[in-house]
Amino acid sequence: MDPIAATSLRWIPLLPLLGAIVNGLAGKAIQRRMGKGAVAAIAVAPVVAAFALSLAVFVRLLGLEPERRALLDVVWRWLAVGSLRVDVALLADPLSTTLLLVVTGIGGLIHLYSTAYMRDDDAYWRFFAYLNLFTFAMLVLVLADNLLLMFVGWEGVGFCSWALIGFWWREPVNTTAGNKAFIVNRIGDAAFVLGVFTLFWALAAAGHGTVVFREVQQHLASLDGRMLWGAPVATLVTLLLFVGATGKSAQIPLHVWLPDAMQGPTPVSALIHAATMVTAGVYMIARLHFLYALAPTTLAVVAGIGAATALGAATIGLVQDDIKRVLAYSTVSQLGYMFLALGVGAWTAGVFHLVTHAFFKACLFLGAGSVIHALHHEQDMRKMGALRTTLPVTFWTFLIAALALAGTPLTAGFFSKDEILWRVWSSLHGSALLWTVGVLGAGLTACYACRQVVLVFFGASRVDHHHAPHVRESPAAMTGPLALLAAGSLLVGFLGVPEGMGGANRFAAWLAPVFAGGHVEGAHTAHAAHAASLEWTLMAVSVAAAAGGALVAYLVYQRRWVSADAVAAVAGGAPYRIVLHKYWLDEIYWTAFGLGVLRLARLGAWFDARIIDGIVDGSATITRAIARLEGRFDARVVDGLVNGLAEATWALGGRLRRLQTGNINAYLYVVVGTIALVLIARLL
């Protein structure tokens, strides 16, 4: 059924864009003349308005029959080349509306928090211009009804992340981190573009050239049996698009940029990790689920990469001492869970974890920002401790979000993570091995979450004695969003209580019309329709693993029954060194690619200096010599001839001039003489 026309959708992304334009062009003058409050109002109000519009869209869709829940706003015809017809068109269905609410709702809270957190920054106006632009780009990505417009938003969030990670650009480490994010993402983006071109080419060859999502879904049958380079087209396209997703959503091996993105201001970290950029890859695969359902090989790759990322990043998070870097590796790990769900065809479970993760991860990052703000930008957890009494709101909200992250029963993270693990076990594309990896990751997640809470808020204070007397709770503009996000970390999970636990799973029912075309997810139902007891057993195992992980952290860092140094020294300290150095992936990349590129650049510089410059300099020398020779020829031969002729003429003229004396007598003598000579000549 065709979507219902709705011209109001365009205002959802346009409002943040308007804020970005006003603050970007006139923000500096506004800040100077009217103060930072005016800049903040210009930035926050459009996002709040966009959230209100998103809420209105949600209510309108809720009032429609499930199969009719799709609104379309065609803004203008963008491209018309050959068989390619692409509009700037925005689509709001249950999936995109879910992301709309996340981006504008949590993004709005991050905007509000930033008004206080960035208060002392001179470039206040520039920060909010970028933040609004980031929100606009993500909204375009989410609302796009075709792959080309999605790519515009895809690149937009990439640019904004580069600008915001390197926001404090006077520090080289910040700009380096921004450049790293930009470069690593370009690798994935190149694959994304190839995937889009390949998909269009394959559909065009079958007479259905299109990049519009619903049209691609309509013509999927034309891809059956179509091969390219010895592989099914669907597999090739989905693999290329997945490479793009690994870059944007920081999956192995393109995850290395995300931890370094911590160099940006903390609200930026929250926005990137919770509401915008890293969710792009998950959303893209969920949007194209019908295509991935045709490619079981790709699904296996997605699940494998997701599982490896979930476990590998969790191990690194165990040993980080920077409060934000722990959360960064936690994000990488949780994104791995989302891809694990998508890889087994559990589309709804992956999106559900995206939503719950947005709440508790935003709360954790903003809580970390509150701690950093109170400790005068100290980020090392070894220099914290006992902050639960001086930062009570920050403590309680951070604790709630950490419990959700750890998958504590009845929190949002519990429901979504348990749903993923259950689907991984029961889906036809899942396996016991993948489930085991997921459970191990859950145990490690609880361990590093508990370690972080203990090191920051419990034990003896290790805060610098100069700062300790001045530690104060953050202002209401910061603690208010923390409270709302903590409430979401507790309550949002109840939207997806599975039937096996006595719930109605309203979240799955909401997304059901979107994923009706993906047949993978439904396969598990017949496989394990009567396995409620098994689901409870698996849940108990995963909860026990999480409890075990938290207990280990408690005994080591709070009770100190076991020394952390003794744990680090296990097996000669080799495991600790491996995870401490992040499996040396940065070093491996630098050696394999960075040094290669550097040496290639040096070779190019040598070739330019010695060969190209030699040729150019040699040509100049020869030209100069020829010019000098020509100059001498011109000066001595040409000029000599001309000057000689002129001098001869001058000399002759000088001699002839003597005949013009002006003496009448002389003239008469010459006349008489001449006549005489003529007469003599005639007589002779």
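This is a predicted model: local features need pLDDT of at least 70, side-chain atom pairs count only at pLDDT 80 or more; totals for chains, interfaces and linings use all residues.
View 1. Residues are numbered from 1 along each chain as its sequence is written, and side-chain values use heavy atoms, with hydrogens and water left out. Strand β1 covers residues 4-5 and strand β2 residues 71-81; the two run parallel and are joined by 2 bridges. Strands here are DSSP runs of E with at least two residues, helices are runs of H or I with at least four, and both are numbered from the N terminus. Two strands count as paired if DSSP finds at least two bridges between them.

**View 2. β2 and β3 make a hairpin.** Strand β3 (residues 84-92) runs antiparallel to β2, and 9 bridges hold the two together. Look for L79 opposite V86, and for W76 with its bridge partner V88 in β3. There are 2 residues between the strands, and G82 in the turn has a positive phi of about 60°.

**View 3. R77 and D87 form a salt bridge.** Their closest N and O atoms are 2.4 Å apart. R77 sits in β2 and D87 in β3, so the pair ties together parts that are 10 residues apart in sequence. The structure holds 15 salt bridges, each being a side-chain nitrogen of Lys or Arg within 4 Å of a carboxyl oxygen of Asp or Glu.

**View 4. Three strands line up as an open sheet in the order β1-β2-β3.** The pairing is mixed. β1 and β3 stand at the edges with a single partner strand each, so one side of each has no neighbour in the sheet. Helix α2 (residues 36-62) lies across β1, β2 and β3, running at about 105° to β2. For angles like this one, axes are lines fitted to C-alpha atoms, for helices over the stretch in contact, and the angle runs from 0 to 180 degrees between N-to-C directions.

**View 5. Helices α15 and α20 cross at roughly 125°.** Here α15 (residues 347-374) and α20 (residues 506-515) have axes that come within 10 Å. The two are therefore oblique to each other; angles under 35 degrees count as roughly parallel, over 145 as roughly antiparallel, 65 to 115 as roughly perpendicular, and the rest as oblique. W347, T348, V351, F352 and V355 of α15 meet F507, A508, L511 and F515 of α20, with contact meaning heavy atoms within 4.5 Å. These residues divide into 8 nonpolar, 1 polar and no charged. Nonpolar covers Ala, Val, Leu, Ile, Met, Phe, Trp, Tyr, Cys and Pro, charged covers Asp, Glu, Lys and Arg, and the others, Gly among them, are polar.

**View 6. α8 packs with helix α13 at an angle of about 25°.** Their axes are 9 Å apart, and α13 spans residues 296-317. That angle makes α8 and α13 roughly parallel to each other. On the α8 side, the contact uses T235, T238, L239 and F242, while α13 brings T297, T298, V301, V302 and I305.

View 7. Most residues other than glycine have a negative phi, and most peptide bonds are trans. A cis peptide bond joins I252 and P253, with omega about 10°; P253 is in the loop between α8 (233-248) and α9 (257-260). L410 is not a glycine, yet its phi is positive, at about 75°. Find L410 in the loop between α16 (392-405) and α17 (412-426).
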